[in-house]
Amino acid sequence: MASIWVGSRGTIRDYPGFSPSVDAEAIHKAIRGLGTDEKTLISILTERSKAQRQLIAKEYQAAYGKELKDDLKGDLSGHFKHLMVALVTPPAVFDAKQLKKSMKGAGTNEDALIEILTTRTSRQMKEISQAYYTVYKKSLGDDISSETSGDFRKALLTLADGRRDESLKVDEHLAKKDAQILYNAGENKWGTDEDKFTEILCLRSFPQLKLTFDEYRNISQKDIEDSIKGELSGHFEDLLLAIVHCARNTPAFLAERLHRALKGAGTDEFTLNRIMVSRSETDLLDIRAEFKKHYGYSLYSAIKSDTSGDYEITLIKICGGDD
């Protein structure tokens, strides 16, 4: 089961000689002792894969009759607490909670919605929708519908459905056809047919989209990004540009998000925690490489200069090295 999730480009792997009961006991001691032993908590939770962390949480509950995440919440504080709780939360539940937080209260965090819905696979989206319903007794689609509007809403709902084609096969004929449809829906038309953009960009596989964008350039002599910027606006434009960026290079898209989260006054811990935790077994090595390539310094050094204390130590362990 675990192996499906572990991409070869992650920084965290299965821990050899893993024993959930030994880990659960060590964590319990670290929390229950006089003063918390953060070092032990960090070294265990950052050196186990997400599948292993779920087994530890199960074992902890069975042995001590309490949820590990609740004990961590009661014992830790601040950003460090949020990060440690994220590490022991099942991935689909974590994403569901992030989506809920993005839509809660005054104003919607569109960037977070866009980032999660564009970077998760169709299978992950189905799991997230299930988790969302289990936790909130409301469908993800209903909440998206009530918090967003127009073409942005339509496109988000299409993504939330988890219907994007996941096959790696590309169809050249379809790419030519879709490129022509996009051209006719935008550049070649008075007014824009937004639905066509949504349909193609939200349902075709990433490799298929890459080919479509090449064909688009042949037909229109323009990059699809330039057409989207010229034809569309607002959050809908942001969403489609994010899809294009992800289709071309998901790690580069996420590196840019991390860069934004770490630069300027104040750190965006919400984004930082989400990307570091959710990509640690997928493509964090690639994200690190893209970060270094685009910004000239390492993700490791950016985290070091922008965070501190146990929070910094934990992020650095997840980051897994300097570049």
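Between which two helices does the loop lie that holds glutamine 221? Select this residue in the predicted model, and you will find glutamine 221 in the loop between α14 (206–220) and α15 (224–231). Glutamine 221 has a positive phi of about 60°, although it is not a glycine, and it is exposed, with a relative accessible area of 58%.

Select lysine 137 next, in the loop between α9 (122–136) and α10 (140–147). Lysine 137 likewise is not a glycine and has a positive phi, of about 55°, and its relative accessible area of 57% makes it exposed.

If neighbours within four places in sequence are set aside, the contacts of leucine 72 include Ile31, Leu41, Leu45, Lys81 and Met84.

Move on to helix α19 (residues 299–306), where Leu299, Ala302 and Ile303 are buried. These residues lie on the same side of α19, because they cover an arc of only 95° around the axis. To see what the buried residues of α19 pack against, display α16 (234–262), α17, α18 (284–295) and α20 (309–319).

Finish at glutamate 269, in helix α17 (residues 269–278). Glutamate 269 is buried yet has no salt bridge, and the nearest side chain of opposite charge, that of arginine 274, is 11 Å away. Beyond its neighbours within four places in sequence, glutamate 269 is in contact with His79 and Tyr311.

Conventions: Residues numbered from 1 in each chain as written. Predicted model: local features only at pLDDT ≥ 70, side-chain atom pairs only at ≥ 80, totals over all residues. Heavy atoms only, no water. Helix = DSSP H or I, 4+ residues; strand = E, 2+ residues; numbered from the N terminus. Buried < 20%, exposed > 50% of the residue type's maximum accessible area, 1.4 Å probe, protein only. Lys, Arg positive; Asp, Glu negative; His and termini not counted. Salt bridge = Lys/Arg side-chain N within 4 Å of Asp/Glu carboxyl O. Contact = heavy atoms within 4.5 Å. Arc of directions from axis to C-beta.
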